[in-house]
Amino acid sequence: MMFRDWLESSWRTAGFPIDTTQLIHGKLEDWMAALDRLPNVQPSRTHFGDTLQVGTSENLTTDEREILDDVIDSLKPWRKGPLNLFGREIDAEWRSDFKWNRLGSHIQWQEKRVLDVGSGNGYFGFRAVDAGASSVLGVDGYLLYVLQAALVNWFVQSSNVVVPLRFNRDSIRDEFDIVLSMGVIYHQRDADSHLEELFRRCRRGGQVILESIVADEDFVPENRYAGMRNVYLIPSICTLETKLRTIGFSDPILIDVTKTTIKEQRKTQLMPFQSLTDALDPADTSLTIEGLPAPKRAILIAHRAD
């Protein structure tokens, strides 16, 4: 089976009959042509630890190795990682294992159905499956990241499936035991509407995990924040807690606040564009280049009452 046929089949199985010919992106055909060349190889080992490890270099022939390298290079930038596919290290912009290790032990993942909103290439979903989740549905509107997740799943066939959808009232109808929103809310023009949709998708007795850049006091960037245009509100922790309660979640618990450092977010060979170093004031790294408080991130967990 060709990659594109398998990909559409995996989306249908997850309940989303999406045809790749309906998707619009200037590079789509180039990406699909590269992915259709992938070898159908069974990895000798798979380990979803801090690094998502799939196979070893001995599993591929020289020709297969060249094809895989070409595909990985064609799908950059890689934002979430780290990953290692058949001995090829994918050093992504984010050390997403840092964030997972601040979060993972606070949640009982066993046999849970998980929704990962703004999932990117599915890193957190793969970790959730490894921790015992029965299934993960990732949703992301950026096709490149969806294809990165599919590249991993082509080899491992896991129950973490990422589909090319924007998260809204019409895109997802099911309810889930755990709903993840990691680094998404500050990109929303209407944060309250985003939380309302998270509430609707969380079953009674379920949990939402909300991660956001935060500040001591709310502020709205006038133009950019840390070089990013699409940041509409940097909330305080108190504001996030209040919003969660107002929407209907109960008992929000703050489990972590961590300043983002260049060990966690940085340029790499596979993400050579602007990153955190470029976003901070070189004379005072407690500030962004716009003179605003530098990023620190909070993780909150809240429940939907039975």
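A: Asp97 is found in helix α4, residues 96–103. Residues are numbered from 1 along each chain as its sequence is written. This is a predicted model, so local features need pLDDT of at least 70, side-chain atom pairs count only at pLDDT 80 or more, totals for chains, interfaces and linings use all residues, and side-chain values use heavy atoms, without hydrogens and water. Helices (H or I, at least four residues) and strands (E, at least two) are DSSP runs, numbered from the N terminus.

Is Asp97 buried or exposed? Asp97 is buried, because its relative accessible area is 1%. Buried means under 20% relative accessible area, exposed over 50%, and partly exposed in between, with a 1.4 Å probe and protein chains only. Leave aside its neighbours within four places in sequence. Asp97 is then in contact with Asp50, Gly81, Pro82, Tyr123 and Arg127. Contact means heavy atoms within 4.5 Å.

Next, the sheet. An open sheet of seven strands runs in the order β9-β8-β7-β10-β11-β15-β12, with mixed pairing. β9 (160–163) and β12 stand at the edges, each with a single partner strand, so one side of each has no neighbour in the sheet. On average, neighbouring strands of this sheet are turned by 15° against each other, direction ignored. Two strands pair if DSSP finds at least two bridges between them.

Look at some of the pairs. β7 (residues 113–117) and β8 (residues 135–139) pair in the parallel sense over five bridges. Val117 stands opposite Val139 in β8. β8 is mostly covered, with four of its five residues buried. β10 (residues 176–182) and β11 also pair in the parallel sense, over six bridges. There, Met182 has Glu211 of β11 as its bridge partner.

Now the helices. In α1 (residues 3–13), the buried residues are Phe3, Trp6, Leu7, Glu8, Ser10 and Trp11. Their cover includes α2 (28–35), α6 (143–156) and the strand β9. Gly15 follows α1, and its phi is positive, near 100°.

In α8 (residues 237–247), Thr239, Leu240, Glu241, Lys243, Leu244 and Ile247 are buried. These buried residues pack against α7, β11 (202–214), β12 (249–259) and β15 (296–304). Gly248 follows α8 with a positive phi, near 130°.

How do α7 and α8 meet? The axes of α7 (residues 191–201) and α8 come within 10 Å and cross at roughly 50°. Axes are lines fitted to C-alpha atoms, for helices over the stretch in contact, and angles run from 0 to 180 degrees between N-to-C directions. α7 and α8 are therefore oblique to each other. Angles under 35 degrees count as roughly parallel, over 145 as roughly antiparallel, 65 to 115 as roughly perpendicular, and the rest as oblique. α7 passes α8 in a right-handed crossing. A crossing is right-handed if the near helix is turned clockwise from the far one by less than a right angle, and left-handed if anticlockwise. Asp192, Leu195, Glu196 and Phe199 of α7 make the contact with Lys243, Leu244 and Ile247 of α8. These contact residues divide into four nonpolar, no polar and three charged. Ala, Val, Leu, Ile, Met, Phe, Trp, Tyr, Cys and Pro count as nonpolar, Asp, Glu, Lys and Arg as charged, and the others, Gly among them, as polar.

One more pair of strands. β13 (residues 280–281) and β14 (residues 284–288) pair in the antiparallel sense over two bridges. They form a hairpin with two residues between them. Leu280 has Thr288 of β14 as its bridge partner.
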